[in-house]
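Please look at the aromatic rings in this structure and at what surrounds them. The paragraphs below go through them in turn.

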Amino acid sequence: MVATVLVVDDSAFFRKRVCEILESAPDIKVVGVASNGREAIELTKKLKPDVITMDYEMPVMDGVTAVRLIMQETPTPILMFSSLTYEGARVTLDALEAGAVDFLPKNFEDIARDASKMQDVLRKRILTLVKPSRKKLAEQASVAPTSPSVAPDVSPRPAEASPTPPSARAPSRAGRIREARQKIAHPVDLLLIGTSTGGPVALQKILSALPANLPVPVLLVQHMPATFTPAFAERLNSLSKLRIKHAEDGDVVRPGNAYLAP
């Protein structure tokens, strides 16, 4: 099955190069191009692409706003293109929070110099984004609705059983957590979290829920360009009760603190 893609970028050169690279892949088809966020929203509704590639800085409507509106109106997997700068990292994190699924560095020189390498990277990322959305649609289609023509069941019903005694009920969530803690042979000294696609938003949710007095240090490894991690550490620190910093050589890990790997 061929994956359909909408390419969104205000640069005619970049749109052309991305289209050329994608069209050279036999299992990908570019079904449309847009030069700004407003056009992207309209074409998404009209063309219903499997994936959208999105620039962040465009006239009329920027990429982050377009992502937010597309995810509200016509949810579609979105791959952001971003520059390898502090500002590019900040905007990319905004786009991920708005609903974009993944991102790639926007490097014109690499695309112009080695199209085969960029084709391989783009193809893998796009097909990876297509699979979950198609699986979800297939699962929805496989659930048959209840037929309204089925006659209601009017057969006599057995007497209701007496309520289950409290001692026989399944343990509560808090009870299960207590049981799990009791089974741990050794106390936990360190919490380590590793994440990739979807990680930035997931980490924000997890870390914002942890208490300031967490009795162990936290080490974080997020798969992203090294130029992005300082901005990401700052964002996490602003959202969490923990003290979160960009890890450096010589840091001493302390409880209640989290360290993001460069």
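Lysine 106 lies over the face of phenylalanine 14, at 4.6 Å from the ring centre; a charge sits over a ring if NZ of Lys or CZ of Arg is within 6 Å of the ring centre and within 35 degrees of the ring normal. This is a predicted model, in which local features need pLDDT of at least 70 and side-chain atom pairs count only at pLDDT 80 or more, while totals for chains, interfaces and linings use all residues. Residues are numbered from 1 along each chain as its sequence is written, and side-chain values use heavy atoms, with hydrogens and water left out.

Two aromatic pairs are counted, where rings of Phe, Tyr and Trp (its six-membered ring) pair if their centres lie within 6.5 Å, and planes under 30 degrees apart count as stacked, over 60 as edge-to-face and the rest as tilted. The rings of phenylalanine 14 and phenylalanine 81 have centres 5.0 Å apart and planes at 85°, so this pair is edge-to-face. Phenylalanine 14 lies in helix 1 and phenylalanine 81 in strand 4 (residues 78-82), so the pair ties together parts 67 residues apart in sequence; helices (H or I, at least four residues) and strands (E, at least two) are DSSP runs, numbered from the N terminus. Phenylalanine 14 is buried, with a relative accessible area of 1%, and phenylalanine 81 is buried, also at 1%; buried means under 20% relative accessible area, exposed over 50%, partly exposed in between (1.4 Å probe, protein chains only).

The rings of phenylalanine 103 and phenylalanine 228 have centres 5.2 Å apart and planes at 15°, so that pair is stacked. Both phenylalanine 103 and phenylalanine 228 are buried.
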